Amino acid sequence: MASTETVAGQPQKTQRRAAVENSVSSFKRWGRKYPFIRYGLPMISLTVLGSVGLGHLLQGSKDIAKVKDDQEWEIIEERKALSRTGPLEAYKPKKITLEEELKALKAKVDINNYEYKRIPRPGEGN
């Protein structure tokens, strides 16, 4: 009882400081007495809150991907509808054979006319 009388007689700032120090010391006591409160509870809460936060972030990216997929499907369905009516049927791609493609490639690249170029070794200057 004597300690409460001295605290009541002190100015208000020191009363607050004493109350804070008292609560801090009680938390320290809890930490020594129950190590789960000091170490286990913060670790478990961090794990749970982290998984909830990551789940929330991943759900956002899944929603965005779903919207993009829906837009792509709408475009595909539009094209199917247009092809039934005719505008896409007007486009007929040219049939290309592998032989024609090989001839075009040979015309671009001459494999008989080449020049040797030395590749510098690692550590050699250019």
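This is a predicted model: local features need pLDDT of at least 70, side-chain atom pairs count only at pLDDT 80 or more; totals for chains, interfaces and linings use all residues.
Exposed means over 50% relative accessible area, buried means under 20%, and partly exposed lies in between.

View 1. The secondary structure comes to four helices and zero strands. Read from the N terminus, the order of elements is α-α-α-α. The protein has 126 residues, and buried ones make up 2% of them. Its accessible surface comes to about 12,800 Å². Carbon and sulfur atoms account for 61% of that surface.

**View 2. Y114 and Y116 form an aromatic pair.** Y114 is exposed, and Y116 is exposed too. Searching the whole structure turns up one aromatic pair. The ring centres of Y114 and Y116 are 5.7 Å apart and the planes stand at 90°, so the pair is edge-to-face. The cut-off behind that label is an angle of over 60 degrees between the planes. Two quantities describe such a contact: the distance of the centres and the angle of the planes.

**View 3. R118 and E124 form a salt bridge.** A search of the whole structure finds one salt bridge. Its partners are E124 and R118, with the closest N and O atoms 3.1 Å apart. E124 has 36%, so E124 counts as partly exposed.

**View 4. A patch of positive charge lies on the surface.** The residues gathered here are K28, R29, R32, K33 and R38. Which element supplies the largest share of the patch? Helix α2, spanning residues 12-33, contributes four residues. K28 lies in this helix, α2. The relative accessibility of K28 is 51%, and therefore K28 counts as exposed.

**View 5. A patch of negative charge also lies on the surface.** D69, D70, E72, E74 and E78 gather in this patch. Where is E74 placed? E74 sits in helix α3, which covers residues 35-85. With 52% relative accessibility, E74 counts as exposed.

Conventions
Residues are numbered from 1 along each chain as its sequence is written. Side-chain values use heavy atoms; hydrogens and water are left out. Patches are made of residues with over 30% relative accessible area and no salt bridge: like charges are joined within 9 Å, nonpolar side chains (Val, Leu, Ile, Met, Phe, Trp, Tyr) within 5 Å. Accessible areas come from the Shrake-Rupley method with a 1.4 Å probe; for residues, only the protein chains shown count as cover. A salt bridge is a side-chain nitrogen of Lys or Arg within 4 Å of a carboxyl oxygen of Asp or Glu. Lys and Arg count as positive and Asp and Glu as negative; His and the chain ends are not counted. The place of a charge is taken as NZ of Lys, CZ of Arg, CG of Asp or CD of Glu. Helices (H or I, at least four residues) and strands (E, at least two) are DSSP runs, numbered from the N terminus. Buried means under 20% relative accessible area, exposed over 50%, partly exposed in between (1.4 Å probe, protein chains only). Rings of Phe, Tyr and Trp (its six-membered ring) pair if their centres lie within 6.5 Å; planes under 30 degrees apart count as stacked, over 60 as edge-to-face and the rest as tilted.
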